[in-house]
Amino acid sequence: MSRYAESHAKPDGPGDARPTALQIVKDEDAEGMLKGEVIVITGTSSGIGVQTARALAATGATLFLTARNVAKAHSAVAGFFDPSTMAIIEMDQESLASVRVAANTILAKTSKIHLLVNNAGIMNIPELQLTTDGYELQFGTNHLSHFLFFKLLEPALLAAATPMLPSRVVCLSSSAHNVSGINADDYHFQQGIYNPAVAYGQSKTANIYMANEIERRFGSRHLHATSVHPGLVSTGLTQHMPPDAFKGMEHLYPTMKSVEQGAATSVWAAVGKDWAHAGGKYLVNCAEAGTYVEGEDKFTALGYAPWAYDMNKAERLWSDSLKLVGVLE
């Protein structure tokens with residue numbers, strides 16, 4: 001049982017007794033323990049990404065933070081970091097070319113990366129939109145850009161991995177993966193009718209599959225990966241949802257988290273001792289998630305969907321993703 005199970009048993013809204021990301025770093029005795037190591041975090045101009053970076057900076061590692069809007073990211077993290085141990089890299093995740101440039105910029109500065117946190121994401125785009133590469137916007141931004149980013153940084157992650165200090169990848173998924181699995185025959189809604197929640201759910205299932213496949217393929221080489229659901233947090237991620245999207249769901253308020261608490265599970269996956277030598281699991285509330293309970297609201301359920309650990313579907317997505325981003329295995 002997780003040491004944080006009791007604090008999550010009776011949540012009382014943002015700022016309650018549930019842990020913050022910085023508390024996780026302290027509880028795991030990780031303060032100052034990653035000096036000389038490199039951490040890369042995507043999506044650090046607001047919300048959970050900023051708090052994830054703030055907490056992981058306490059480990060003493062050098063941080064490379066990516067953001068579409070570099071000026072906004074600098075403003076968001078101002079005062080949190082020693083400039084000598086942090087750099088913000090421009091990366092527009094709607095463009096695979098931008099992802100390549102960002103990865104190359106980082107690799108020009110370091111040949112070893114201890115941790116990659118795939119934090120950036122978009123949610124419930126109302127109308128079907130495509131990335132600059134012609135892929136459905138949520139699938140392309142939330143999954144394919146992170147997949148390519150990982151593949152480009154993979155040699156550096158493996159180079160840093162040792163039996164004593166394995167490398168890690170953390171993929172931010174969502175409880176919304178329960179809404180939809182993967183439609184491998186129509187990733188981009190060119191055949192069926194577009195549904196924003198289904199498209200988002202598909203992209204979040206893809207995040208789980210990516211983590212599971214990284215673990216399966218590289219776990220024996222001391223590179224581990226987990227996927228996480230941060231919880232219900234009020235951030236800019238919900239900007240595309242209608243004003244009445246949560247009408248009638250006031251009962252969920254006690255389960256909502258502050259952004260500092262929303263980053264806790266990501267940081268637990270990143271520095272927690274439980275995941276130093278293990279991975280391939282979906283984590284919720286600083287614990288390994290159980291199964292989805294039939295009848296629960298799929299958008300807010302804490303369990304994982306029946307398809308979350310389907311190895312055949314994860315392998316298919318990996319193979320297809322290689323082709324879609326133009327990378328050889």
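## An enclosed helix, packed helices and cores

Helix H3 (residues 47–57) is largely enclosed by the rest of the structure, because eight of its 11 residues are buried. The buried residues of H3 are Ile-48, Gly-49, Val-50, Gln-51, Thr-52, Ala-53, Ala-55 and Leu-56. This assignment, like everything that follows, is read from a predicted model.

The helix pairs come next. Two packed helices are described by the angle between their axes and the distance between the axes.

| Helix pair | Axes come within | Crossing angle | Handedness |
|---|---|---|---|
| H5 (residues 96–107) and H6 (residues 137–160) | 9 Å | roughly 25 degrees | right-handed |
| H6 and H7 | 8 Å | roughly 15 degrees | right-handed |

For H5 and H6, whose axes cross at roughly 25 degrees, the angle is under 35 degrees, which makes H5 roughly parallel to H6. On the H5 side the contact is made by Leu-96, Val-99, Arg-100, Ala-102, Ala-103, Ile-106 and Leu-107, and on the H6 side by Leu-144, Ser-145, Leu-148, Phe-149, Leu-152, Leu-153 and Ala-156. Sorted by class, the residues of this contact are 12 nonpolar, one polar and one charged.

H6 and H7, with axes that cross at roughly 15 degrees, are therefore also roughly parallel to each other. Here H6 contributes Gln-138, Phe-139, Asn-142, His-143, His-146, Phe-147, Phe-150, Glu-154 and Leu-158, while the residues from H7 include Tyr-200, Lys-204, Met-210, Ile-214 and Phe-218. The contact of H6 with H7 divides into 11 nonpolar, seven polar and two charged residues.

The largest nonpolar core has 40 residues, of which Val-40, Phe-149, Phe-150, Val-169 and Ile-214 touch the most other members. At least two residues of this core come from each of strand S1 (38–41), H5, H6, strand S5 (167–172), helix H7 (196–218), strand S6 (223–229) and helix H10 (311–325). H6 gives the most to this core, with 10 residues. Ile-214, leaving out residues up to four places away in sequence, touches Phe-150, Val-169, Gly-219, Leu-223, Ala-225 and Trp-318. Another core, of 38 residues, lies apart from the largest one, and Ala-30, Val-50, Leu-63 and Leu-65 are among its members.

Ala-87 is found in strand S3 (residues 86–90) and counts as partly exposed, because its relative accessibility is 22%. The C-alpha atoms of Ala-87 and Ala-102 are separated by 12 Å, the two residues being 15 apart along the chain.

Asn-124 has a phi near 50 degrees, a positive value in a residue other than glycine, and is found in the loop between strand S4 (115–118) and H6. With a relative accessibility of 11%, Asn-124 counts as buried. Asn-285, likewise not a glycine, has a positive phi of about 55 degrees, and its place is in the loop between strand S7 (282–284) and strand S8 (287–288). Asn-285 is buried, with a relative accessible area of 16%.

Conventions: Residues numbered from 1 in each chain as written. Predicted model: local features only at pLDDT ≥ 70, side-chain atom pairs only at ≥ 80, totals over all residues. Heavy atoms only, no water. Helix = DSSP H or I, 4+ residues; strand = E, 2+ residues; numbered from the N terminus. Buried < 20%, exposed > 50% of the residue type's maximum accessible area, 1.4 Å probe, protein only. Axes fitted to C-alpha atoms, helices over the stretch in contact; angles between N-to-C directions. Parallel < 35°, antiparallel > 145°, perpendicular 65-115°, else oblique. Left-handed = near helix turned anticlockwise from the far one by under 90°. Contact = heavy atoms within 4.5 Å. Nonpolar A, V, L, I, M, F, W, Y, C, P; charged D, E, K, R; others polar. Core = buried A, V, L, I, M, F, W, Y, C linked by side-chain atoms within 4.5 Å.
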